[in-house]
Amino acid sequence: MMAAASTGKCLLVTGPPGVGKTTLIIRAYESLKASNPSLKFQGFYTREVRQGAQRVGFEVVTLDGQKAPLATTTSTSSDSFRWPTVGRYKVDVASFESLALPQLQVKEDTDLFIIDEVGKMELYSSSFFPAVLKVLESNIPILASVPIPKSGRDIPGVARLKNHPGATIFTLTESNRDAMKEQISSLLADLLRKI
C-alpha cells in the first residue's frame, strides 16, 4: 500500500471497462460525505443508460442529482447527425458541457472535485480539458477516473493527467476493487483532514 505522504492531490482510478471505476468513485464520495457532512464537493459522474438489458447510452449526473445525456445510440434528432461518435455512440457535446462545465468551476470553498470520467467522449468538448487543468492547478484534491489505454496508447489529455506530478494512479481489477475503495477513501480522508 502506498504511503499517504507520497500521494499527490490528484487520485486517478483506471481499469478496464465495467470493472467498477464509477461505482468505486461514488462509494468513496458517499463515504466521505457521510463522515464529513460539512465538506463541499463538486463534480459529476457518468452512468449507463439502459433499455432492458441493452446499454443505449451514457448520462452525466452531478453530485446534486442533475442529469443530462452524454452519448446515445438512439437519438434521431437532426442535430445528432453532426455529433462526434465513439464506437456506436453519438456524443452530445452541448448537453455534456451544459451540465459538466459549471461543475468544474473552481471555487474557494470546494474541498474535493469528483470527475468521472476524463475519457474520449468527454474530451470531444474543447472546453472540458482546459477546465480539468484549471481544477488541477487549483491544488484542490481531485478524485477522477480515466480509461485504460487501448492498444497501449493513452489519449493525449489522459496521458497529460497521468503524468502530472500530483497524480497517483490506481489500477482497478475485479479482485482488488474493494481494497482499492478502502485505500482511496482513506487517502482522501487524510488529504481532506489537512485542509
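Which residue with a positive phi follows H3? In this predicted model, helix H3 is followed by Asn 139, whose phi is positive, near 70°. Asn 139 is not a glycine, and its place is in the loop between H3 and S8.

Confidence in the model was considered next. The mean pLDDT of the protein is 91, and 95% of the residues reach 70 or more. Over residues 1-6, by contrast, pLDDT stays under 50. For this stretch the model has six contacts beyond four places in sequence. Where pLDDT is low, the predicted coordinates should not be read in detail.

Helix H3 spans residues 128-137. Seven of its ten residues are buried, so H3 is largely enclosed by the rest of the structure. The buried residues are Phe 128, Phe 129, Ala 131, Val 132, Leu 133, Val 135 and Leu 136. They pack against strands S1, S2, S7 and S8 and against helices H2 and H4. Leaving aside neighbours within four places in sequence, Val 135 is in contact with Leu 104, Val 106, Phe 113, Ile 140 and Ile 142. Between Val 135 and Leu 112 there are 23 places in sequence, and the C-alpha atoms of these two residues are 9.9 Å apart in space.

Ile 140 is also touched by Thr 110, a residue whose other contacts beyond four places in sequence are Lys 40 and Gln 42. Thr 110 is placed in the loop between H2 and S7. Although in a loop, Thr 110 is buried, with a relative accessible area of 6%.

Helix H2 covers residues 93-103. Its buried residues are Val 93, Ser 95, Phe 96, Leu 99, Ala 100, Leu 101 and Gln 103. The elements that cover them include strands S2, S3, S4, S6 and S7, together with helix H3.

Helix H5 consists of 17 residues, 177-193. From its first C-alpha to its last it reaches 24 Å, close to the 24 Å expected at 1.5 Å a residue. Buried in H5 are Met 180, Lys 181, Gln 183, Ile 184, Ser 185, Leu 187, Leu 188, Ala 189, Leu 191 and Leu 192. Helix H1 and strands S1, S7, S8 and S9 are among the elements that cover these residues. Ala 28 is found in H1 and is buried, with a relative accessible area of 0%. Beyond four places in sequence, Ala 28 is in contact with Lys 181, Ser 185 and Leu 143. Pro 16, twelve residues away from Ala 28 along the chain, has its C-alpha atom 19 Å from that of Ala 28.

The largest pocket has a volume of about 900 Å³. Of the 31 residues that line this pocket, Pro 17, Lys 21, Phe 58, Glu 117 and Pro 147 are the closest to its centre. Helix H1 (21-35), strand S2 (41-51) and strand S3 (54-62) each supply at least two residues of the lining. By type, the lining residues divide into twelve nonpolar, eight polar and eleven charged. Glu 117 also takes part in a cis peptide bond, which runs from Asp 116 to Glu 117 and has omega near 15°. The place of Glu 117 is in the loop between S7 and H3.

A further loop residue is Trp 83, which lies between S4 and strand S5 (85-86). Apart from neighbours within four places in sequence, Trp 83 is in contact with Thr 72, Ser 75, Ser 77, Lys 90, Val 91 and Asp 92. Trp 83 and Tyr 124 are 41 residues apart in sequence, while their C-alpha atoms are 9.6 Å apart in space.

Definitions and conventions. Residues numbered from 1 in each chain as written. Predicted model: local features only at pLDDT ≥ 70, side-chain atom pairs only at ≥ 80, totals over all residues. Heavy atoms only, no water. 1 Å grid on protein atoms, 1.4 Å probe; cavity = no way out; pocket = protein on both sides within 12 Å on 5 of 7 lines; lining within 4 Å. Points joined across faces, edges and corners; volume = space filled by probe spheres on them. Helix = DSSP H or I, 4+ residues; strand = E, 2+ residues; numbered from the N terminus. Nonpolar A, V, L, I, M, F, W, Y, C, P; charged D, E, K, R; others polar. pLDDT = per-residue confidence, 0-100. Contact = heavy atoms within 4.5 Å. Expected span 1.5 Å × (residues − 1). Buried < 20%, exposed > 50% of the residue type's maximum accessible area, 1.4 Å probe, protein only.
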